[in-house]
Amino acid sequence: MTEVSVPVSSLYQSEGKVYPREINGRFTRLRRLAMFVLLGMFYFGPFLTWNGRQAVLFDLPARKFYIFGLTLWPQDFLFLALLLILAAITLFFVTALGGRLWCGYACPQTVWTEAFAWIERVFEGDRSKRMKLDKASMSWNKLWRKTGKQIAWVTLALITGFCFVGYFTPVRELAASIASFEIGGWALFWVLFYGFATYGNAGFMREQVCKYMCPYARFQSSMFDKDTLIITYDEQRGEPRGSRRRGDDAARESLGDCIDCTMCVQVCPTGIDIREGLQYECIACAACIDACDSIMDKVGYPRGLVRYSTEHAMNGKPTRILRPRLLIYSALLFILVAAFTASLIAKQPVILDVLKDRNALYRDIGRNGIENTYAMNVINKDQVAHTYEISVVGPTGISIATPTTFEVPAETLKEIPVAVRVPHEFAKGGHEIIFTLRSTDGSDIVITEESRFRGPTTSY
């Protein structure tokens, strides 16, 4: 009996390296401008100062977030929650309107990958030179180019990690600790960790992050419809594709405008062929549009074979901009922006928290009546000191027996012991009282807090 060998194929196949070709065009220039602006904001952001301190600092040990003139405390978690929700709804709105514009121009993965790819081109050359260099055996030319690229990549990654930690630790103190080799263990860990993550994502994995790791690529289709602006290939105009010489009559040869040069594939950072239709790997960077337009210019055909369009427009139907999902997203954005703005306007620069002493319900102090004690926590969130006066409203004859005027330094929590007295004849049982904290330095700060006064259950 003869054995028949069955070929075994692996279920897993490693991805081939993508060598995107450099292209120039209006969308490429826009993408590079976005890269310079965003990277500039990231790298120079920690070094900006505002009123003598770091302009943007998320001081976790002190539990304070500084964003230029705004200081957020743990009690201001509402603002952070609103910002996160606002960012998510904005992303949904932009996706429904313009597709993956975020991925193509503003996503950190795209921005840093563009920077790392630029460094690679500086050391290894254009697409064809990089491909030849990778296939060539080891030589001095290959060694110094590969080594130089890696050194530049690691340097940029470490600078990125340093700046990232500089948003959570005062950056000048961090720089001084590194220069004196006295950096703390956790700070060093996060500099190296974020640097390693930047190197791995932007230098090593690149398009694999967008294709396999990013969840946005998986659920984006739920936000698309036939009126969403996407990058499309005009199949009716381009097919059947085929090569031809300049000046040939494509119609006479029964050919479409696509000359099958594959330039749109060569410039794609994720290595897809846009002519096969919309794919989840497409990050809408529009490099294929620039490449195709440049080829159309050379062969004398009109631009727009690959372009931003909608499915309705490609099928000859009108594109609807105002549609239910966009109206819903717009309404949500308006409500959230209004709520955030109103919250900022109503935001008080002081927090008052009154805690009644639970060790004793009340204290009889003879002719002075019944006394309750409270711990009044005053948080001055402002960047300047304020002087406050405390008053109380409640049963007849209620008064404060402790000093009522005090100063709280800037960005400080101060605990003030307060003793409240009520005459015997009005102190029976429990009473709702209201403390009022009012600034006396002309800053017009007024805040109230409710509490409870406890007295004896029987009359005197």
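## The chain as a whole

The chain of this predicted model contains 15 helices and 16 strands. Its radius of gyration is 33 Å, well over the 23 Å that the globule rule gives for 460 residues, so the chain is more spread out than a compact globule. Along the principal axes, the C-alpha trace spans about 110 × 70 × 60 Å. Of the 460 residues, 43% count as buried, and among the contacts with a separation of 6 or more, 68% are accounted for by residues 24 or more positions apart.

| Helix pair | Crossing angle | Axis distance |
|---|---|---|
| H2 (residues 77–98) and H15 (residues 324–346) | roughly 155° | within 9 Å |
| H4 (residues 108–124) and H6 (residues 140–166) | about 155° | 9 Å |
| H1 (residues 26–44) and H13 (residues 287–299) | roughly 145° | within 7 Å |

The axes of H2 and H15 cross at roughly 155°, and because angles over 145 degrees count as roughly antiparallel, H2 is placed in that class relative to H15. The crossing of these two helices is left-handed. On the H2 side, the residues making the contact include Leu78, Phe79, Leu82, Leu83, Leu86, Ile89 and Phe93, while those of H15 include Leu326, Tyr329, Leu333, Leu336, Phe340 and Leu344. Sorted by class, the contact of H2 with H15 has 20 nonpolar, 3 polar and 1 charged residues.

H4 and H6 are likewise described as roughly antiparallel to each other, but the crossing of H4 and H6 is right-handed. From H4, the residues Trp112, Ala115, Phe116, Ile119, Glu120, Phe123 and Glu124 take part, and they meet a set in H6 that includes Trp144, Arg145, Lys146, Lys149, Trp153 and Leu156. The class count for the contact of H4 with H6 is 10 nonpolar, 2 polar and 5 charged residues.

## Two residues in their surroundings

Leu82 lies in helix H2 and is one of the residues through which H2 contacts H15. With a relative accessible area of 12%, Leu82 falls in the buried class, for which the cut-off is under 20%. Setting aside neighbours within four places in sequence, Leu82 is in contact with Leu336, Ala339, Phe340 and Ser343. The C-alpha atoms of Leu82 and Phe340 are separated by 6.6 Å, although the two residues are 258 residues apart along the chain.

Arg246 is placed in the loop between helix H11 (235–238) and helix H12 (263–266). Its relative accessible area is 62%, and Arg246 is therefore exposed, since that class begins over 50%. Apart from residues up to four places away in sequence, Arg246 touches Asp297, Lys298, Val299 and Gly300.

Notes. Residues numbered from 1 in each chain as written. Predicted model: local features only at pLDDT ≥ 70, side-chain atom pairs only at ≥ 80, totals over all residues. Heavy atoms only, no water. Helix = DSSP H or I, 4+ residues; strand = E, 2+ residues; numbered from the N terminus. Buried < 20%, exposed > 50% of the residue type's maximum accessible area, 1.4 Å probe, protein only. Contact = heavy atoms within 4.5 Å. Axes fitted to C-alpha atoms, helices over the stretch in contact; angles between N-to-C directions. Parallel < 35°, antiparallel > 145°, perpendicular 65-115°, else oblique. Left-handed = near helix turned anticlockwise from the far one by under 90°. Nonpolar A, V, L, I, M, F, W, Y, C, P; charged D, E, K, R; others polar. Rg over C-alpha atoms; globule rule 2.2 N^0.38 Å.
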